[in-house]
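Subject: Structure for you to look at

Hello,

Here is the structure I promised you. Please open it and keep it beside this email as you read.

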Amino acid sequence: MELAIKFRNDKLVGDFWGGTAAMLVALPSAIAFGVTIYAAIGPAYAGLGALAGILGATALGLVSPALGGTNRLITAPCAPAAAVLSAFAIELVHSGVAPASIVLMLTALGLVSGLVQLMLGFMGIGSLIKYIPFPVVSGYLTGVGLIIIGSQIPKFLGVASGTTWWRALISPELWRWESALVGAVTAAVMIIAPLVTRVVPAAILGLLAGIVTYFGIATTDEALLVMQGNKLIIGPLGGTAASMLDAITGRWQEIGELKLSQIGGLLGTAFTLAVLLSIDTLKTAVVLDALTRGRHDSNRELIAQGLGNVASACAGGMPGAGQMGATLVNLASGGQTRASGVVEGVLALIAFLALGSFIAWIPVGALAGILIVVGFRMIDRQSLHLLESPWTMLDFIVIVAVVAVAVGYSLIAASAVGVALAMFLFIREQLSSTVIRSKIDGGSRFSKRVRLRQHMETLEQNGGQTVILELQGSLFFGTKDQLYKALEPELRDRKYVVLDLRRVQSVDVTAVHLLSQVRDSLSARDAYLVFSSLPQNLPNGRNIAEFFDQMELTTTTEHVKVFAGLDDAVEWIEDQILGESQVQLADLPALEVHDLEIFKDRKEETLIDLVECLDRRSVAKEEKVYSFGDPGNELYLIRKGAVRITLPMAGGSSRYHTLTYGRGDFFGGMAFLSQMTRLNDATAIEDTELFVLRREQFERLREEHKRLAVQIVEAVAKVLALRLRYADKELLALQE
């Protein structure tokens, strides 16, 4: 009990610290994003923008984590939303739309985009994120880390906003040493802190160290203690609780003024915004999964994000998504559950109402130092090991390509490039792997139908008529040539070409067209294309047997045969070679003792005493001859019909077919000779007539006719040895 309480308390503490640290990162960004959007309407609307950012951070923080299922994910106003909404506002300004109407349309745009996200979640679109390969995730992770570092370098150096990171690095005259020192101290403490203590999160200690450093520098420069115009700190937030309430109520009093045509015109932009926010959220969730070995529910998360954006719009806030920077700070600061996201939302509101003046003094360089450390930790340095093997070189190239596009263009484009390259790698892998798992000559692979000695000799002599190819993987346009090269040599002189498809995962139209050509080539010279084990329930839901029928591959000629299993196919071919069929065998009379193979060379007078010891038994179709566990005290000689031997599988609910014995053969010899219990079941597969030699009759025969008893044992042993020889030959062929 005490351990459970301690564990729960550790989680609560971690969520509080994580949510606090995330708020310190998300809130300034939310304010900046809001100002960026609303300042496009006019300078007078900058304060309203700051308020929209705070309301967005609050509403998203309270709703999305509470309904979503991803631990540690922080939802807040984000850069994609700022980019789309500011461009939308600028376009409306150029079109001469009144500022008040633009504000309302921004609110409506956020509301509609949230509804679109809800639709995407309910439609299950979020599940597609699971198909993003690891190299893409790795590249995205590294790309985001580099982007975060690049975006924070100007802030770290105290350079004016709008300056690129590379220009900031090559322009020392623009640096503010005070900001760089604060950032360096923050980063250093954040790196060293875990080596000293884990009670307080490293990000919090780093931030406190940065604040102390800033005010330490301020003792030598009084200008740093002035808030107005000081670009090294966050600065005043603006707004009050009263202004916040007025903004919310006033917004919805005026929303009715929007025309239906105006709302309809928002749909295209709303859909674009919803897709961008969804991708941003799900990518952050994927990165979080990679860092924590977790697994998020993409569709649930989209629904939660949509409801959060609807709530934000209703409150007059700007939309947002799962924010990478704040999420990673939350993770680094000890956040453990979804509660950390709710803490961030609550503290965003409290911080604005009660601690606005304190937050205003947080150095921008300190926040930049924290995010730079987080960015470096995101870079997947383990991926460098992919360079050590030529087999993984192309995977590394995918990672580099994703990073390059992410840094040079956009994260969304990087995702598209990564998925496209991953598809290329998949096709390449399919092309490099063989679809021919094994190739066996018919003289080395026999059915489970046990044949008489002379029949086996015939099958061995005519084994060259048959070839068996076991296929695997995907039969598609990329492996068509490989399949044809394997089949081409067999089309000239083989009468039976068997394709075992039980390990095939997919077949496309190109492969079916090739098989149709193979079928026509064989049919032209009265040969057969034989399919076995056609998959009927692949992981993708496709039924290959039905597909072949639809494409008329297996339905247009008698020279194509389809069997449920390979043994059934091989047995049919053996019957064709031997000139037998089930109908012909059923018409044959029951054999007498001297007609049986094991007694074929014995004199009739020698067998007279044996006949007297044998019982005649009739077994109906599907009737058991014996069952697993029965005493092995009988030897069975088949006069007519056939018997199938099966082994019970684990659990006893199914049976595995091992052998089938037919007319003129015998079974049950192993248990009869060893006097052990039966280890299998014997079932008649057609009406069957048997000779049965019981153990007690054999013992009497051995006493009265020792020579005959020895001959029986010898005959049984020879046949069993011959069967073992053929079994060994098959095993050897399968290993080649």
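Below are the findings, one topic at a time. Keep in mind that this is a predicted model.

**The sheet**

Start with the open sheet. It has 5 strands, in the order S4-S13-S12-S15-S10. The pairing is mixed. Which strands stand at the edges? They are S4 (449-450) and S10 (624-626). Each has a single partner strand, so one side of each has no neighbour in the sheet. Now look at how S4 is held. Its partner is S13 (residues 655-661), and 2 bridges join them. S4 and S13 run parallel. Arginine 449 stands opposite threonine 660 in S13.

**The salt bridges**

The count of salt bridges is 19.

First, aspartate 567 and arginine 445. Their side chains meet in a salt bridge, 3.2 Å from N to O. This pair links distant parts of the chain, 122 residues apart. Aspartate 567 is in helix H23 (residues 566-578), while arginine 445 is in the loop between strand S3 (436-441) and S4. Are these two buried or exposed? Aspartate 567 has 17% relative accessibility, so it counts as buried. Arginine 445 is buried as well, at 11%.

Next, arginine 617 and glutamate 634. Their closest N and O atoms are 3.3 Å apart. Arginine 617 is partly exposed, with a relative accessible area of 27%. Glutamate 634 is buried, at 13%.

Then glutamate 699 and arginine 695. In this salt bridge the closest N and O atoms are 3.1 Å apart. Both residues lie in helix H27 (residues 695-704). They are 4 residues apart, about one turn of the helix. Glutamate 699 is partly exposed, with a relative accessible area of 22%. Arginine 695 counts as buried, at 11% relative accessibility.

There is also a network. Salt bridges that share partners join Arg437, Glu470, Asp500, Arg502 and Arg503.

**The nonpolar patch**

Which residues make the nonpolar patch of about 390 Å²? They are Met119, Met123, Ile125 and Phe271. Phenylalanine 271 lies in helix H11 (residues 267-292). Its relative accessibility is 43%, so phenylalanine 271 counts as partly exposed.

Best wishes

Methods:
Residues numbered from 1 in each chain as written. Predicted model: local features only at pLDDT ≥ 70, side-chain atom pairs only at ≥ 80, totals over all residues. Heavy atoms only, no water. Patch = residues over 30% accessible without salt bridge, like charges linked within 9 Å, V, L, I, M, F, W, Y side chains within 5 Å. Areas by Shrake-Rupley, 256 points an atom, 1.4 Å probe, with all protein chains shown as cover. Salt bridge = Lys/Arg side-chain N within 4 Å of Asp/Glu carboxyl O. Buried < 20%, exposed > 50% of the residue type's maximum accessible area, 1.4 Å probe, protein only. Pairing = 2+ DSSP bridges.
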